[in-house]
Structures are given as structure tokens and as C-alpha cells.
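Here is a short briefing on one protein model. Please keep the sequence and the 3D view open while reading.

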Amino acid sequence: IRAILAVVGGYRHAHPDAPRVVVGDISLREGGRMDQHVSHQNGLDVDVYYPRRDGYLSAPITTGQVDRDLAQDLLDRFLAAGARTVFVGYATGLRGPSGAVVPYPNHENHMHVRFPPPGS
């Protein structure tokens, strides 16, 4: 959670007029099974909606609504904060190091950020 807060804080400082960052699924408070999000069960994965060009604080419906510059900056900040993998939609145009930024189905409206386990 600290890494997420640090990334969001840095992003807000760099882009004070940008839409707020909207975080989707992380994990349940005490961990455990999440029916649709098996990878979120350990608290190391987080879904973050792409910033929208129109400023709305909801998941974009089309990739045309994604502010690609802000989304790329956010992605880059997550990588700099130690994210192991960031899954992005194929049509988002977001890029990064191979193996770290991975185009993945059903990620056109959010990035899925995976952090390594503590101490690894």
C-alpha cells in the first residue's frame, strides 16, 4: 500500500490539475479468496483505472477516453516504485520494458500492477 500511495502522491504533485487516480481492486482487508481476482488475494496486485481525458473518475469505456500521456506517466511511476509487472490493454498504446509491461486481455480500462513479495 505504501508504494501505491507514494506513486499516487508523486503523480498528484507532478500533475495537480489531472484527474485523481482511481484504484479498483486490491485485496480483501484480511486477504483470502476473491472470486473474480485470484491474483489479488495476497495484497500484491492492484487495479488502477487509466486517467480519462474528460476527467471523469470512472473506468474508461473506450481507449479513446484514456489520457495516454498521464497513463504512461502513472505506469512509469509504478515501475520506478518497484512494480514487477504491469498488465495493460493491447489498444492502450502504453509501453515499457518487455516482461515488465505486458499487454493482456480485458485491460483496456485499467492497468493491473503487480508488486513483488516483501523482501524479494
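Leaving aside neighbours within four places in sequence, Thr-92 is in contact with Tyr-50, Thr-63, Arg-68, His-107 and Glu-108. Contact means heavy atoms within 4.5 Å. This is a predicted model, where local features need pLDDT of at least 70 and side-chain atom pairs count only at pLDDT 80 or more, while totals for chains, interfaces and linings use all residues. Residues are numbered from 1 along each chain as its sequence is written, and side-chain values use heavy atoms, with hydrogens and water left out.

**Thr-92 and its loop**

- Thr-92 sits in the loop between β2 (85–88) and β3 (101–103). Strands (E, at least two residues) and helices (H or I, at least four) are DSSP runs, numbered from the N terminus.
- Thr-92 counts as buried because its relative accessibility is 1%. Buried means under 20% relative accessible area, exposed over 50%, and partly exposed in between (1.4 Å probe, protein chains only).
- A polar atom of the Thr-92 side chain lies 2.9 Å from the backbone oxygen of Gly-89.

**The sheet**

- Four strands form an open sheet in the order β1-β4-β2-β3, with mixed pairing. Two strands pair if DSSP finds at least two bridges between them.
- β1 and β3 stand at the edges with a single partner strand each, so one side of each has no neighbour in the sheet.
- From one strand to the next, the twist averages 25 degrees. Axes are lines fitted to C-alpha atoms, for helices over the stretch in contact, and angles run from 0 to 180 degrees between N-to-C directions.
- β1 and β4 are antiparallel and share five bridges. Val-48 has Met-111 in β4 as its bridge partner.
- β2 and β4 (residues 110–114) run antiparallel, joined by three bridges. Here Thr-85 stands opposite Arg-114.
- β2 and β3 run parallel, also joined by three bridges. Val-88 faces Pro-103 across this pair, standing opposite it in β3.
- Which way do the β2 residues point? Thr-85 and Phe-87 point one way, Val-86 and Val-88 the other, and all are buried.

**Helix α2**

- α2 has 13 residues and reaches 18 Å from first C-alpha to last. That is close to the 18 Å expected at 1.5 Å a residue; the expected span is 1.5 Å times one less than the number of residues.
- At its start, a side-chain oxygen of Asp-67 comes within 3.3 Å of the backbone nitrogen of Asp-69.
- Just after α2, Gly-82 takes a positive phi of about 105 degrees.
- The buried residues of α2 are Leu-70, Ala-71, Gln-72, Leu-74, Leu-75, Phe-78 and Leu-79. They pack against α1, β1, β2, β3 and β4.
- α2 lies across β1, β2, β3 and β4, at about 5 degrees to β4.

**The nonpolar core**

- The largest nonpolar core has 25 residues. Such a core is a set of buried Ala, Val, Leu, Ile, Met, Phe, Trp, Tyr and Cys residues joined through side-chain atoms within 4.5 Å.
- Those with the most contacts inside this core are Leu-74, Leu-75, Phe-78, Val-86, Val-88, Met-111 and Val-113.
- α1 (2–14), β1 (45–49), α2 (68–80), β2 and β4 each give two or more residues to this core. α2 gives the most, with six.
- Leaving aside neighbours within four places in sequence, Leu-75 is in contact with Val-86, Val-88, Leu-94, Arg-95, Val-101 and Met-111.
- In soluble globular proteins, nonpolar side chains tend to be buried together.

Methods. A polar contact is a pair of N or O atoms within 3.5 Å; within protein, one must be able to donate a hydrogen and the other to accept it, and residues adjacent in sequence count only if both atoms are side-chain atoms.
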